[in-house]
Amino acid sequence: MSLPRDPGNGIGFLIGDSSRMLRRIFNERITPLGMTQAQWRALVHLSRNEGLNQVGLADLLEVQPITAARLIDKLVAAGLVERRPDPNDRRAQRLFLTQQAAPMLAQIWEIADEIYDEVLAGLDADNRDALAALLGRMRSNLTTMMLDPAPLPRVPAEAISK
């Protein structure tokens with residue numbers, strides 16, 4: 001009889017825990033900029049996906065569209081984001097960063113670089129590149145799985161009744 005594996009050391013837990021701790025540290029260090037986690041995450045996603053609509057941003061942030069709308073309203077009021085009409089859908093609007101967002105993003109990237117230097121201490125450039133490549137491959141595989149999900153496994157009826 002084998003002992004159950006320690007799930008706390010499984011890849012999913014290690015990645016999840018690392019991601020949670022990284023976000024927490026980042027939030028603590030970005031607080032002096034007056035940004036909330038939702039705001040900096042929205043700015044970063046928009047910097048990578050300018051022209052995205054509100055629903056697309058909500059999907060990336062994993063929030064409801066109404067929550068994204070309130071967040072966008074705050075970013076627009078702060079002068080960091082602007083809405084522009086969608087040329088293909090007159091009901092929709094596309095989201096773009098303003099020139100005022102550039103210095104804020106520069107500070108965000110600077111803080112991120114400082115944190116990554118600490119987090120990756122002890123890893124040489126080859127190890128850092130390998131880690132990034134492996135995580136990129138994992139993300140690619142996950143993207144493929146999300147686009148073409150496997151059918152759910154069938155659970156035998158006798159297993160349910162127990």
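## Charged pairs, buried positions and a surface patch

The charged end of R84 lies over the ring of F96, at 3.9 Å from the ring centre; the criterion is NZ of Lys or CZ of Arg within 6 Å of the ring centre and within 35 degrees of the ring normal. This is a predicted model, in which local features need pLDDT of at least 70, side-chain atom pairs count only at pLDDT 80 or more, and totals for chains, interfaces and linings use all residues. Residues are numbered from 1 along each chain as its sequence is written, and side-chain values use heavy atoms, with hydrogens and water left out.

The search for ring pairs gives 1 aromatic pair. Rings of Phe, Tyr and Trp (its six-membered ring) are paired if their centres lie within 6.5 Å, and the planes count as stacked under 30 degrees apart, edge-to-face over 60 and tilted for the rest.

Side chains of opposite charge can pair when their charged atoms come close. Across the whole structure, 8 salt bridges are found, a salt bridge being a side-chain nitrogen of Lys or Arg within 4 Å of a carboxyl oxygen of Asp or Glu. Among them are the following.

| Salt bridge | Closest N and O atoms |
|---|---|
| E118 and R29 | 2.6 Å |
| R94 and D86 | 2.7 Å |
| D89 and R91 | 3.4 Å |

In the salt bridge of E118 with R29, E118 belongs to helix α5 and R29 to helix α1, so the pair ties together parts that are 89 residues apart in sequence. Helices (H or I, at least four residues) and strands (E, at least two) are DSSP runs, numbered from the N terminus. R29 is partly exposed, at 33% relative accessibility. Buried means under 20% relative accessible area, exposed over 50%, and partly exposed in between (1.4 Å probe, protein chains only).

The other two pairs in the table can be described in these terms. D89 is partly exposed with a relative accessible area of 25%, and R91 is exposed with 76%.

N27 sits in helix α1, residues 11-30, and has a relative accessible area of 19%. Leaving out residues up to four places away in sequence, N27 touches Q37 and W40. H45 is in helix α2, residues 37-48, and is buried at 14%; beyond its neighbours within four places in sequence, it is in contact with L57, L60 and L61. T98 lies in the loop between β2 (89-97) and α5 (101-119) and is buried, with a relative accessible area of 19%. Residues up to four places away aside, T98 touches G79, L80, V81 and E82. The C-alpha atoms of T98 and R83 are 9.9 Å apart, and the two residues are 15 apart in sequence.

On the surface, I11, I15, L123, L131, L135, M138, L142 and M145 form a nonpolar patch with about 670 Å² of accessible area together. Patches are made of residues with over 30% relative accessible area and no salt bridge, with like charges joined within 9 Å and nonpolar side chains (Val, Leu, Ile, Met, Phe, Trp, Tyr) within 5 Å. Areas come from the Shrake-Rupley method with a 1.4 Å probe; for residues, only the protein chains shown count as cover. Helices α1 and α6 (125-147) each supply at least two residues of the patch, and α6 gives the largest share, 5 residues. I15, one of the patch residues, lies in helix α1 and is partly exposed at 35%.

Conventions: Contact means heavy atoms within 4.5 Å.
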